[in-house]
Amino acid sequence: MSSALSLTAMQWFGLLHPVLIILFVYPVVGATIRLGTLARERRLQINPLPASVPVEHAEHGRWVAGGVLVAVLIAFFHSYLAAWFEAAPGGLAGVGRLVALAFAELGTVVIYLRLLKVRRPAARALLGLACWLALLLLGAQPEINRLTDNPFDADFWRSHYWSGVLLSGLLLASVAAKPEIARHLSMRRLHVYANVLVAVLLAVQAITGTRNLLAA
């Protein structure tokens, strides 16, 4: 008990990312999968379900993507803050850069919220890509532990960061393509295949995230 109470404010902040994933994202993922199964049963007339089921499935998917996005941004900002405190404890050195990164993260959230509102396919595709590129740019900062950026290095495939970035990209793509998924069988099949990979990446995130916490 005493060791838990002795955690610093930064260490508590560092726990916010995994807590958000565990308490919010994973349960909503389970509900999204269940609603997706029910939506398929309704479409195939296997089960006489209300028309709201596909809508709820899509809404839950948006919450999953948004939850992962916010969790990733929290993890990034924790890394920025930790590096800033280590470099200039109590000082103002680098505070301008820290503020700029905070605004960049806020801008990424704004892009995602805008993605939820637009109707035109090209605009949705552009905003989804912009949101993912913003994550890549924020993750490319020197404070972020990526293990390696070389895909031919084994550490690349063991990186919590890189699997998280791929997961975020797939979720953003699903949100951006939601109307097309509803209208076209080929897109629904692609959506299913992509989300099998999403499930694998969520498992990888759980494993590598736990590894990183134990190694900290």
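At what angle do the axes of helix α2 and helix α9 cross? In this predicted model, the answer is roughly 160°, with the two axes coming within 12 Å.

## How α2 meets α9

Helix α2 covers residues 9–43, and helix α9 covers residues 185–215. Because an angle over 145 degrees counts as roughly antiparallel, α2 is roughly antiparallel to α9. The crossing of α2 past α9 is left-handed.

Now for the residues that do the touching. On the α2 side you'll find Leu15, Pro18, Tyr26, Val29 and Arg43, and they meet Arg188, Leu202, Gln205, Ala206 and Leu213 on α9.

## Aromatic pairs

Let's turn to the rings. Searching the whole structure turns up seven aromatic pairs. One of them is Phe24 with Trp63, an edge-to-face pair at 6.2 Å centre to centre, with 75° between the planes. This pair links distant parts of the chain: Phe24 sits in helix α2 and Trp63 in helix α3 (residues 52–87), 39 residues apart. Phe24 counts as partly exposed because its relative accessibility is 27%, while Trp63, at 55%, counts as exposed.

Phe77 and Tyr80 also make an edge-to-face pair, with 6.3 Å between centres and 85° between planes. Both lie in helix α3, three residues apart, or about one turn of the helix. Both Phe77 and Tyr80 are buried.

## A cluster of rings

Which residues do ring pairs link into a cluster? They are Phe76, Phe156, Trp157, Tyr161 and Trp162.

Terms used. Residues numbered from 1 in each chain as written. Predicted model: local features only at pLDDT ≥ 70, side-chain atom pairs only at ≥ 80, totals over all residues. Heavy atoms only, no water. Axes fitted to C-alpha atoms, helices over the stretch in contact; angles between N-to-C directions. Helix = DSSP H or I, 4+ residues; strand = E, 2+ residues; numbered from the N terminus. Parallel < 35°, antiparallel > 145°, perpendicular 65-115°, else oblique. Left-handed = near helix turned anticlockwise from the far one by under 90°. Contact = heavy atoms within 4.5 Å. Phe/Tyr/Trp six-rings, centres within 6.5 Å; stacked < 30°, edge-to-face > 60°. Buried < 20%, exposed > 50% of the residue type's maximum accessible area, 1.4 Å probe, protein only.
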